[in-house]
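Please open the model in your viewer and keep the selection tool at hand. The stops below follow one another through the fold.

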Amino acid sequence: MTIEEMREKKREMGYSYEQIAELAGLPVGTVQKVLGGFTKSPRYATLQALQKVFTSGNPERPGLDDSQTARYPYTQESLIGDGIAEPLAEYVPEKGRGTFRLPKRQGDYTLEDYLALPDDRRVELIDGVIYDMASPTLIHQAIGGKLYAIFESYIARKHGSCMSFNAPVDVQLDCDDKTIVQPDVLIICDPSKLRRDRIYGAPDLVVEILSPSTRRKDRSLKMTKYKRAGVREYWMIDPDYRRIYVHEFEKGEAYEIYDFNDTVPVGIYGGDCVIDFAQVYEEIKILYDMT
């Protein structure tokens, strides 16, 4: 698809630059420059990201107008209003006592409520809002497991003091009773943040593997939370589009986009540790070939 064809699709679909940027995972300025003709030789990965927006439609955000898309980063209220935040069930099993009714509204839940949920129910608590989490796919689990193993191997080989973890592990991100998240993979280098049952504070590196049900939350709300809490580096891996978004928050707003043919350096280790995503993909390719 040519850039001129993309411009025509933009007009037909009524997308704003902000909508396109969010769906493509690109900065608004980049989208404006490419579609406005100011960038004469856009990166191939950028063109691929834009093309997929216009060829796949908008399955995530049907019917949203510009006033709704301007809310960035998303608040919990906008996510709930758009049907992204799954409400907590009205009745929750209480150990040994049948059921009880939780009388709180979204936004009012605390660590105590989170810990009262059944062990087999996977959720996250973000600023008092409880979000249900769908079971991960095999591809999701495979990518997370490969990254965790690579991080563990690197740390052991270097005799490092950092530790890596993979989900499910509770992270009390803001050191308050309103937020508990479960990143897919993380590295933490400050042993004072380790507790017997959870991590207390911001990890150094967080990896989230995107899925249709979590893509918007991971790319907006959680990214903002991680940045504000002090996470140094945040990776988002999109298995569907085979892309990796790397944010090194200490370096500002810019971020890098890689694909599954690239070797991706780990910023917190100054690039000494790298992930060969071509190799990772080769090892899990059988899962992509399945129906």
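Select Val 207 and Trp 235 to begin: Val 207 stands opposite Trp 235, which belongs to S10. This is a predicted model, in which local features need pLDDT of at least 70 and side-chain atom pairs count only at pLDDT 80 or more, while totals for chains, interfaces and linings use all residues. Residues are numbered from 1 along each chain as its sequence is written, and side-chain values use heavy atoms, with hydrogens and water left out.

Now widen the selection to strand S9 (residues 205-209) and S10, which run parallel and are joined by 5 bridges; strands here are DSSP runs of E with at least two residues, helices are runs of H or I with at least four, and both are numbered from the N terminus. Two strands count as paired if DSSP finds at least two bridges between them.

Next, show the whole open sheet, in which 6 strands follow the order S5-S7-S9-S10-S11-S12 with mixed pairing. Its edges are strand S5 (163-166) and S12, each of which pairs on one side only, and the twist averages 15° from one strand to the next.

For the next stop, select Cys 162 and Cys 189, which are joined by a disulfide with an S to S distance of 2.0 Å; a disulfide is taken as a pair of cysteine sulfur atoms within 2.5 Å. Cys 162 lies in the loop between H8 and S5, and Cys 189 in the loop between S7 and strand S8 (199-200), so the pair ties together parts that are 27 residues apart in sequence. The structure holds 1 disulfide.

Finally, turn to the largest nonpolar core, which has 37 residues, with Leu 26, Leu 50 and Tyr 226 making the most contacts inside it. A nonpolar core is a set of buried Ala, Val, Leu, Ile, Met, Phe, Trp, Tyr and Cys residues joined through side-chain atoms within 4.5 Å, where buried means under 20% relative accessible area, exposed over 50% and partly exposed in between (1.4 Å probe, protein chains only). Around Leu 50, leaving aside residues up to four places away in sequence, look for its contacts, including Met 6, Ile 20 and Val 31.

Note on methods: Contact = heavy atoms within 4.5 Å. Axes fitted to C-alpha atoms, helices over the stretch in contact; angles between N-to-C directions.
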